[in-house]
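Let's take a walk through this protein together, from its overall layout to a few details on its surface. Have the sequence and the model at hand as you read.

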Amino acid sequence: MNPEFYTLAAFEYVADVQILKGRLEADGIPVFLRDENTLNSDPLISNAIGGVKLQVYYSDKEKATEIYNEIRAYAMDDHGNFRRCPNCKAERMEIYYNRKGIFYKLFPFFEKRKYKCLNCEFITEPS
């Protein structure tokens, strides 16, 4: 078994990762949560260390990514419809924060919300 890990996703809080972790483990994929104990002891440093990282073996990367894409929550508009990418028209957009600069790393709630298409990686602001 290859001992190298692939970071499938990062989550702000430990509780956010539990559903995906359970689903992957139910499908026989070993899951490792990096920085889980650190955030359990002090959740306020989540932004500083990049949240809890869900990692799988590289050999399980394809299957884990497929499962993650099945259960991933995509961004919705005010009417309950999936947000559509203005570039490729896909309905696979997620909330995206750039968090560049020390100010936004210390005070992330001041950063303007954006959306990133998971199909073409186009980043847009809400209209």
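Domain bounds here come from an automatic or database domain assignment. The model is a predicted one, in which local features need pLDDT of at least 70 and side-chain atom pairs count only at pLDDT 80 or more, while totals for chains, interfaces and linings use all residues. Residues are numbered from 1 along each chain as its sequence is written, and side-chain values use heavy atoms, with hydrogens and water left out.

Let's begin with the overall layout. The chain is divided into domain 1 (3-69) and domain 2 (72-126), whose C-alpha centres lie 21 Å apart. Along the principal axes, the C-alpha atoms fill a box of roughly 45 × 35 × 25 Å. You will find five helices and six strands, in the order β-α-β-α-α-β-α-β-α-β-β from the N terminus. These elements are DSSP runs numbered from the N terminus, with helices being H or I of at least four residues and strands E of at least two.

Now, where does the largest pocket lie? Both domain 1 and domain 2 give residues to its lining, so the pocket lies between them. A pocket is found on a 1 Å grid over the protein atoms alone, as an open set of points where a 1.4 Å probe fits, with protein on both sides within 12 Å along at least five of seven lines; lining residues have an atom within 4 Å of a point. The largest pocket holds about 1200 Å³ of space, the volume being that filled by probe spheres set on the points, which are joined across faces, edges and corners. It has 30 lining residues, and A10, F11, E12, E94 and I95 are the closest to its centre.

Several elements contribute at least two residues each to this lining, among them α1 (18-26), α4 (61-71) and β4 (93-96). The largest share, four residues, comes from β1. By type, the lining has 17 nonpolar residues, five polar and eight charged; Ala, Val, Leu, Ile, Met, Phe, Trp, Tyr, Cys and Pro count as nonpolar, Asp, Glu, Lys and Arg as charged, and the others, Gly among them, as polar.

Finally, look at the salt bridges, each a side-chain nitrogen of Lys or Arg within 4 Å of a carboxyl oxygen of Asp or Glu. The whole structure has five of them. In one, K21 pairs with E25, with the closest N and O atoms 3.8 Å apart. K21 and E25 are separated by about one helical turn, because they are four residues apart in helix α1.
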